[in-house]
Amino acid sequence: MARMEELYHEGSRRLQDRFDTRRLADRIEERIVRDHIDDDDRAFIEAADMFFIATCDAEGRPNCSYKGGEPGFVRVLDPQTIAFPSYDGNGMYLTMGNALVNPEVGLLFISFEVRRRLRLNGVASIAEDDPLLPEYPEAQFVVRVHATRVFPNCPRYIHQYQLVERSRFVPKSECRTPVPQWKRSEWANDVLPERDPALEPDAEIVHRG
C-alpha cells in the first residue's frame, strides 16, 4: 500500500520526535492504516449499535457527538462507503450542519463489551432522497461517508461494560416511537417544528428510555 504521508502533520511529528515514536508511527501507518474497509471491519461496523463522530465547521471549530441505533443501522455499502440514518434530535444540527460546510469527518466505532475500537475518517455527504431512506423508519436523511483512512486502535484503555438496555427512542417499524419529556417542557413546546410528534396529544412521553 502506498504511504499516505499526509497522515502526520508538523504537530504529530513534533511529539513523535519528542517521545521517540516516529519509527513506530511510520510502521503503524505502513502496516495497519488502510484506505478501505475490509471484511473484518465490515463485520464490526455492522454489528455496532453506536459510534462517535467528530466534525468541524468552516472555521475549524470542532464538535463531537454520539450516534446510536439498532445493530446494523450503519451499513457498509462497499469497501470505501458506509451509510447511516440521521434521526430526529434536538434540532440544533451541529454535527450534520458541520458536515454540510466541511465534509471531512472522523468516526470512532467502539465496543465496550469486547473492548475493541476502530477509526474511520472520510468525506461525508447528506441526502434527503437517498435510496436507503425508506429502510430507516423516521430518518430525516441518510449520511454516506467515503472512507479515506480506516484503522484499529489499541484497546488497552477501554473499560469493559455490558449492555443493559438499548434506547427506546430508536425508531422501529413495528412500533410507535415515544417522545422525550423535554419536548413537552414549557421552554421548548411552543417552538417545536409543526409536525413534531411531541405535539400529538396521544404521544407517549418518556423521561428516559
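Tutor: Strands, like helices, are DSSP runs numbered from the N terminus (E, at least two residues, for strands; H or I, at least four, for helices). Please keep in mind that this is a predicted model, in which local features need pLDDT of at least 70 and side-chain atom pairs count only at pLDDT 80 or more, while totals for chains, interfaces and linings use all residues. Residues are numbered from 1 along each chain as its sequence is written, and side-chain values use heavy atoms, with hydrogens and water left out.

Student: How many bridges join strand 3 to strand 4?

Tutor: In general, strands of a sheet pair through backbone hydrogen bonds, either parallel or antiparallel. Two strands count as paired if DSSP finds at least two bridges between them; here strand 3 and strand 4 (residues 81-86) run antiparallel and are joined by three bridges.

Student: What is the order of the strands in the open sheet?

Tutor: The open sheet has seven strands in the order 2-1-5-6-7-4-3, and the pairing is antiparallel. Strand 2 (62-68) and strand 3 (75-78) are the edge strands, since each pairs on one side only.

Student: Which bridges hold strand 7 to strand 4 and to strand 6?

Tutor: Strand 7 pairs with strand 4 in the antiparallel sense over six bridges, and P85 has V142 of strand 7 as its bridge partner. Strand 6 and strand 7 also run antiparallel, joined by 10 bridges, and V142 in strand 7 stands opposite A127.

Student: Is F151 buried or exposed?

Tutor: A residue is called buried under 20% relative accessible area, exposed over 50% and partly exposed in between, using a 1.4 Å probe and protein chains only. F151, which is found in strand 7 (residues 141-152), has a relative accessible area of 11% and is therefore buried. Leaving aside neighbours within four places in sequence, F151 is in contact (heavy atoms within 4.5 Å) with I32, V33, L118, R119 and N121.

Student: At what angle do helix 1 and helix 2 pack?

Tutor: Axes are lines fitted to C-alpha atoms, for helices over the stretch in contact, and angles run from 0 to 180 degrees between N-to-C directions. Helix 1 (residues 10-18) and helix 2 (residues 22-32) pack at about 125°, with their axes 8 Å apart. The contact is made by R13, Q16 and D17 of helix 1 together with R22, A25 and D26 of helix 2.
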